[in-house]
Amino acid sequence: MIRDITSYDLAEIVHLNQNALEGVGPLDHDSLMLLVKMADQALVVEADGDIAGFVITIPPGASYDSSRYRWFEDTLVDDYVYLDRIVVSEAHRRQGVASRLYEEIEGDKPVALEVYASNDVSLAFHESRGFDEVGSLDHAGKTNLMMVRQPVPSDTAS
Ligand SMILES: CC(C)(COP(=O)(O)OP(=O)(O)OC[C@H]1O[C@@H](n2cnc3c(N)ncnc32)[C@H](O)[C@@H]1OP(=O)(O)O)[C@@H](O)C(=O)NCCC(=O)NCCS
């Protein structure tokens with residue numbers, strides 16, 4: 001089941017996030033609350049009462065103090081979805097959870113996000129999903145590959 005993040009989920013989401021620092025930046029309760037407030041989509045997949053994964057996207061024009069977000073704000077001309085982070089719990093990986101979350105947030109707009117150059121799993125996932133590298137940006141001692149997925153024609157067919 002996919003549903004919106006609620007305040008009851010925050011502790012579990014922080015825990016999931018902090019167990020996935022090979023792929024995402026750290027979060028505490030307050031920074032997660034701010035992020036969810038800024039988000040246009042903040043979703044979890046629930047499986048047997050547990051959170052199997054979550055995704056947070058930020059709309060263009062937000063006052064988000066992130067060098068990666070600002071890079072896309074300065075680079076992309078058309079409307080787009082910025083995917084701030086996606087994490088699937090270790091127990092639920094490779095079962096299509098992230099794919100299901102992407103189906104939910106992808107629409108008729110490009111989706112933009114960064115992937116650490118060291119994150120082979122995420123790169124395999126995003127390449128399989130049709131993302132292309134459009135640049136790179138160093139931040140906090142890591143190289144971020146800046147990636148965009150253009151909507152496929154069937155996305156705009158409705
Ligand atoms: C990246 C991540 C979100 C993928 O989530 P997931 O639910 O396991 O992904 P899916 O099951 O939907 O995978 C879809 C496809 O992606 C590719 N893929 C996913 N995991 C992979 C892996 N470990 N190795 C190679 N390919 C992989 C495969 O093509 C897979 O299809 P298949 O299973 O039919 O072969 C998850 O590994 C994760 O949370 N990692 C830690 C946090 C992170 O890195 N987030 C991304 C930040 S940019």
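This is a predicted model: local features need pLDDT of at least 70, side-chain atom pairs count only at pLDDT 80 or more; totals for chains, interfaces and linings use all residues.
Local features require pLDDT of at least 70, side-chain atom pairs count only at pLDDT 80 or more, and totals for chains, interfaces and linings use all residues. Residues are numbered from 1 along each chain as its sequence is written.

Seven strands build an open sheet of mixed pairing. Their order is β1-β2-β3-β4-β5-β7-β6. Strands are DSSP runs of E with at least two residues, helices are runs of H or I with at least four, and both are numbered from the N terminus. Two strands pair if DSSP finds at least two bridges between them. β1 (2-4) and β6 (132-139) are the edge strands, each pairing on one side only. From one strand to the next, the twist averages 30°. Axes are lines fitted to C-alpha atoms, for helices over the stretch in contact; angles run from 0 to 180 degrees between N-to-C directions.

β2 (residues 41-47) and β3 (residues 50-58) run antiparallel and are joined by seven bridges. Leu43 stands opposite Val55 in β3. Helix α1 (residues 10-18) packs on the sheet and touches β3 and β4. Contact requires C-beta atoms, placed from the backbone, within 7 Å. The direction of α1 makes about 85° with that of β3.

Conventions. Two residues are in contact if their C-beta atoms, placed from the backbone, lie within 7 Å.
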